[in-house]
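Open your viewer, keep the selection panel at hand, and let's walk through this model together stop by stop.

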Amino acid sequence: MEVILLDSTYDISVAVAEIIANQIKKKPDSVLGFATGASPVETYKRLIEKYQSGEISFKDITTFNLDEYCGLSREDKNSYFYFMKDNLFGKTDIDFEKVHFLSASTDYVEDECKKYQSEIESCGGIDIQLLGVGTNGHIGFNEPSDEFTDGPFKVKLTQSTIDANSKYFENGNMPEYALTMGVGDIMRAKKIVLIATGESKAKAVYSMVKGEVTPKCPASILQTHKDVTVFVDKESAALLKYN
Ligand code: GLP
């Protein structure tokens with residue numbers, strides 16, 4: 001695991017967008033795993049700039065998003081599909097036929113999860129998986145638990161995740177369930193890039209980088225992946241420097 005400390009969210013976004021752009025240039029039909037939340041928003045802006053300047057095209061890439069809230073339609077402003085459309089996809093030449101999302105409103109959860117996993121496999125796996133980390137150490141919506149998950153599944157969100165994310169919902173009423181890629185799906189990505197900024201992530205960053213590898217902090221398993229780069233700022237890295 002390589003940890004890179006940069007001065008600002010802007011600097012991190014430039015560096016991460018460069019990694020993703022280089023991947024697209026090397027392999028125009030790359031398979032990219034995208035994340036939602038505040039962490040990747042600036043990176044998505046840099047990628048849009050690269051698209052607008054003609055440096056990269058999204059038209060041949062295939063994407064898989066990490067997770068989606070149950071019960072929200074794609075048109076719902078709080079859905080992660082809407083988030084990706086608004087913050088990245090809708091501002092590029094991406095082919096929406098190649099955009100994959102867990103369909104979290106299905107009544108056939110098990111079938112949907114199996115289908116998603118086999119779609120990832122049949123595309124040859126994910127070349128780069130972009131991640132954020134929850135304040136409780138979650139990746140995707142893999143919450144702290146007694147064992148690491150493997151394939152996609154339906155999860156009941158923990159109170160700490162609800163507390164962290166309900167600010168995005170106008171009436172504070174956010175879904176309690178989501179579908180998420182499992183830890184195994186994330187670990188099978190060939191390369192993983194994680195962004196963690198701000199003081200609220202300091203404990204999670206410490207546990208992820210220096211802590212024991214344990215499902216109590218799902219992000220800690222990234223220590224065992226052969227190609228992970230973690231981008232941090234001074235605030236999120238605050239606890240690392242004492243060790
Ligand atoms: C959310 C998402 C994750 C995200 C993380 C951090 O709940 N499910 O995919 O990486 O929590 O969010 P943020 O970047 O807003 O801090």
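Start with helix H3 and select its buried residues, then show what surrounds them: they pack against strand E2 (31-34), helix H2 (41-52), strand E3 (62-65), strand E4 (67-69), strand E5 (99-100) and helix H5 (159-165). Packing here rests on contact, meaning heavy atoms within 4.5 Å. Helices (H or I, at least four residues) and strands (E, at least two) are DSSP runs, numbered from the N terminus. H3 itself spans residues 80-87, and its buried members are Tyr80, Phe81, Phe83 and Met84. Look down the axis: these residues sit on the same side of H3, because they cover an arc of only 160°, taken from the directions from the helix axis to the C-beta atoms. An α-helix has 3.6 residues a turn, so residues three or four places apart point the same way. Buried stands for under 20% relative accessible area, exposed for over 50%, and partly exposed for in between (1.4 Å probe, protein chains only).

A word on what you are viewing: this is a predicted model, in which local features need pLDDT of at least 70 and side-chain atom pairs count only at pLDDT 80 or more, while totals for chains, interfaces and linings use all residues. Residues are numbered from 1 along each chain as its sequence is written, and side-chain values use heavy atoms, with hydrogens and water left out.

Next, select the ligand. Which residues come nearest to the ligand? Of the 15 residues around the ligand, they are Ala38, Ser39, Asp67, Asn165 and Lys201; a residue counts as near if one of its heavy atoms lies within 4 Å. The side chain of Ser39 has an N or O atom 2.5 Å from a ligand oxygen. The side chain of Asp67 places an N or O atom 2.9 Å from a ligand nitrogen, and that of His138 has one 2.9 Å from a ligand oxygen. Taken alone, the ligand exposes 390 Å², and the protein buries 92% of that (Shrake-Rupley method, 1.4 Å probe).

Move on to Asn136, in the loop between strand E6 (128-131) and strand E7 (153-156). Is Asn136 buried or exposed? Asn136 is buried, with a relative accessible area of 17%. Its side chain makes a polar contact of 2.9 Å with the side chain of Glu143 and another of 3.3 Å with that of Thr158. A polar contact is a pair of N or O atoms within 3.5 Å; within protein, one must be able to donate a hydrogen and the other to accept it, and residues adjacent in sequence count only if both atoms are side-chain atoms. Beyond four places in sequence, the contacts of Asn136 also include Lys216 and Pro218.

Now pick Glu112 in helix H4 (residues 109-122). Glu112 counts as buried at 9% relative accessibility, and its side chain reaches the backbone nitrogen of Ser103 at 2.7 Å.

From there, go to Ala178 in strand E8 (residues 177-180), which is buried at 0% relative accessibility. Among the residues in contact with Ala178 are Tyr69, Cys70, Phe141 and Val155.

Finish at Cys70, buried at 15% relative accessibility. The structure holds zero disulfides, a disulfide being a pair of cysteine sulfur atoms within 2.5 Å. For Cys70, the nearest cysteine sulfur is that of Cys113, 9.0 Å away.
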